[in-house]
Amino acid sequence: MQSPRPYHNIALVGFMGVGKSTVGQILAGMLDFEFVDTDRVIETREGRRISEIFAQEGETRFRDLETNLIREYETQQGLILSTGGGLVVRPENLASLRTHALIVCLWASPAVIYERVRYQGHRPLLQTPDPQGRIAELLEQRKPAYQQADILVGVDFRSPQETAQYITNSFRLLRHSPRRSASSPTQSVPHR
Ligand code: S3P
């Protein structure tokens with residue numbers, strides 16, 4: 001028999017620009033949890049921007065910092081973790097989150113993502129002549145990893161408030177259900 005999953009925290013995963021930080025902060029208010037943005041924690045600890053870490057030491061160094069940080073949350077409770085868009089590329093990161101958190105993936109179409117990020121210059125992976133093409137390519141590469149989340153929530157037609165409410169409802173239900181295991185991903189189709 002499958003042992004119950006502990007849902008002490010909620011981890012938001014998903015591509016850049018899908019609204020993890022905005023939704024995460026609303027969620028933290030709804031559940032009275034602490035909001036943590038892993039990108040911001042890394043920047044504070046390193047004393048430099050993520051773009052500088054990429055430029056000075058490369059993406060692998062950033063991914064190592066991310067993996068080390070994510071492990072620290074295994075023993076904590078009452079957190080909403082907003083994670084960097086590429087966190088899921090390392091299977092060990094998802095495995096770590098699975099030991100303590102409900103993993104929720106916010107999903108948006110490439111066109112919506114592009115509209116949201118096109119005027120923001122701080123994402124090193126999108127500093128290319130064709131950011132739209134790069135978004136589509138990365139999204140396709142990462143899709144199998146994002147699909148391993150417990151819940152996939154489409155955000156193209158949902159406001160951050162609606163998204164947070166949907167996640168809160170799911171979290172409360174799962175926490176109080178006897179088996180407490182989201183063994184197969186639940187997909188949520190946008191409702192507008
Ligand atoms: C990245 C996403 C960024 C940040 C870094 C790499 C990615 O986070 O971690 O620039 O690989 O998709 P956001 O998803 O918060 O923008």
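Modeller: Gly133 is part of helix α7; helices (H or I, at least four residues) and strands (E, at least two) are DSSP runs, numbered from the N terminus. This is a predicted model, in which local features need pLDDT of at least 70 and side-chain atom pairs count only at pLDDT 80 or more, while totals for chains, interfaces and linings use all residues. Residues are numbered from 1 along each chain as its sequence is written, and side-chain values use heavy atoms, with hydrogens and water left out.

Colleague: Why does Gly133 count as partly exposed?

Modeller: Gly133 counts as partly exposed because its relative accessibility is 29%. Buried means under 20% relative accessible area, exposed over 50%, and partly exposed in between (1.4 Å probe, protein chains only).

Colleague: How many Å separate the C-alpha atoms of Gly133 and Gly19?

Modeller: They are separated by 20 Å, and the two residues are 114 residues apart along the chain.

Colleague: Now Gly121, please. Where is Gly121 placed?

Modeller: Gly121 belongs to the loop between α6 (110-117) and α7 (131-146). With 56% relative accessibility, Gly121 is exposed. From C-alpha to C-alpha, Gly121 and Ala101 are 31 Å apart in space, and 20 residues apart in sequence.

Colleague: And Asp32: buried or exposed?

Modeller: Asp32 is exposed, as its relative accessible area is 71%. Asp32 is found in the loop between α1 (20-31) and β2 (34-37). Its phi is near 60 degrees, which is a positive value in a residue other than glycine.

Colleague: Let us change topic. How many residues surround the ligand?

Modeller: There are 13 residues around the ligand, and the closest are Lys20, Asp39, Arg63, Arg123 and Arg142. A residue is near a molecule if one of its heavy atoms lies within 4 Å of it. By class, this shell holds five nonpolar, three polar and five charged residues. Ala, Val, Leu, Ile, Met, Phe, Trp, Tyr, Cys and Pro count as nonpolar, Asp, Glu, Lys and Arg as charged, and the others, Gly among them, as polar.

Colleague: Which atoms of Asp39 and Arg63 lie by the ligand?

Modeller: In Asp39, a polar side-chain atom lies 2.7 Å from an oxygen atom of the ligand. In Arg63, a polar side-chain atom lies 2.6 Å from a ligand oxygen atom. A polar backbone atom of Gly86 is 3.3 Å from an oxygen atom of the ligand.

Terms used
Polar contact = N/O pair within 3.5 Å; in protein donor to acceptor, adjacent residues only side chain to side chain.
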